[in-house]
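I opened my notebook to keep track of what I looked up in this one. Come and read along.

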Amino acid sequence: MLLDGYTLMHEHIRIDLSKQKNNTDCLLDCKDETVAEFKKLYAKGIRNITDVTNIGMGRDVSYISSVSRATGINILCATGFYKEPFLPDYIYSYNEKQIAEIMIKEITEGIDGTDIKAQIIGEIGSSKECITDAEKKVFNAAVIAHKETGTPITTHTTLGLLGLEQIEIFKKQDIDLNKVIIGHVDLTGDISYILKIIDAGAYVEFDTIGKNNYLNDSIRIDMLKEIEKRHLIDRVLFSMDITRKSNMEYKGGIGYSYLFDSFFNELTEQGFSQTSIEKILKDNPRTYYGQTGKNT
Ligand SMILES: [Zn+2]
């Protein structure tokens with residue numbers, strides 16, 4: 001479907017990383033509260049959310065579609081595998097082709113026996129220090145699935161690092177980087193690194209907005225202003241990557257509305273243009289998903 005309105009590019013409707021992280025806060029499964037917050041997002045113009053939760057992360061497509069029905073927000077589902085130690089056991093014995101087949105099936109036939117098809121490959125991730133062998137295998141499988149289906153790819157970088165190494169994998173295999181998002185790069189706070197990724201041709205995702213305990217939003221704002229000054233706004237995407245119950249309003253967290261009620265206000269007060277915000281939320285996701293037509 002043609003994307004109408006604003007799109008958040010990196011969220012998790014339901015996610016469960018609680019076992020590996022040994023923290024029940026990392027099970028986000030508060031459907032009613034999510035619905036309540038998404039209704040507020042709808043009122044602000046959000047019409048699409050990319051859910052980058054994939055196999056092994058607690059993805060639940062029937063849960064996702066009930067949230068979508070209750071809120072009117074179109075949710076784009078993902079296929080793929082995250083990073084160590086969240087990879088299913090079979091990743092270690094399967095070859096790249098076999099892993100790719102799983103992704104291709106979810107893209108062409110549907111996820112978990114439903115007719116809900118994956119529209120994005122990701123978030124495929126790397127560890128902090130290196131891209132491990134198993135993670136490389138997933139990246140190569142994603143490349144195979146992308147080449148066969150044309151489905152775009154989105155990545156996870158740990159603390160924003162190793163984005164250029166991820167790009168190397170894609171470049172070596174002649175992937176069009178217009179179809180690749182490098183995720184979480186805002187967390188580095190390093191504008192020259194981010195500009196290098198843009199220069200290589202990929203999208204950079206400012207998808208941890210509001211996570212001030214990792215990086216103060218004032219630094220995100222400074223970096224965005226620099227990107228705007230260089231006329232490179234068409235390579236940027238936004239999201240908040242809410243993954244924990246404690247991020248939600250009902251638990252006293254900032255909630256999704258923070259983006260509109262706080263961050264965008266601050267951003268424009270600091271001189272960033274509303275036009276650029278619109279472009280990032282509306283035009284860039286459409287272009288990334290290969291939609292050039294204008295909605296009315
Ligand atoms: Zn991530």
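**Ground rules.** I am working with a predicted model, where local features need pLDDT of at least 70, side-chain atom pairs count only at pLDDT 80 or more, and totals for chains, interfaces and linings use all residues. Residues are numbered from 1 along each chain as its sequence is written, and side-chain values use heavy atoms, with hydrogens and water left out.

**Entry 1, zinc.** Which protein residues are donors of the zinc ion? I found Glu 123 (OE), His 156 (ND1) and His 184 (NE2), at 1.9 to 2.2 Å from the ion. Donors here are N, O and S atoms within 2.8 Å of the metal (3.2 Å for Na, K and Ca); water is not among the atoms, so the site may look incomplete. The sequence spacing of the donor residues reads E-x32-H-x27-H. His 156 sits in strand S8 (residues 153–156) and His 184 in the loop between strand S9 (180–182) and helix H8 (191–200), so this pair ties together parts 28 residues apart in sequence. Helices (H or I, at least four residues) and strands (E, at least two) are DSSP runs, numbered from the N terminus.

I also checked exposure, where buried means under 20% relative accessible area, exposed over 50%, and partly exposed in between (1.4 Å probe, protein chains only). His 156 is buried at 7%, and His 184 is buried at 2%.

I took a side-chain nitrogen of Lys or Arg within 4 Å of a carboxyl oxygen of Asp or Glu as a salt bridge. By this rule I get 12 salt bridges. In one of them, Lys 44 and Asp 261 bring their closest N and O atoms to 2.8 Å. Lys 44 is in the loop between helix H2 (31–43) and strand S4 (46–51), and Asp 261 is in helix H10 (residues 258–269), so the bridge ties together parts 217 residues apart in sequence. Lys 44 is partly exposed at 34%, and so is Asp 261 at 45%.

Next I looked at Asp 112 and Arg 59, whose closest N and O atoms are 3.9 Å apart. Are these two buried or exposed? Asp 112 is exposed at 54%, whereas Arg 59 is buried at 12%.

I noted Arg 230 with Glu 226 as well, at 2.9 Å from N to O. Salt bridges with shared partners also join Arg 59, Glu 106 and Asp 112 into one network.
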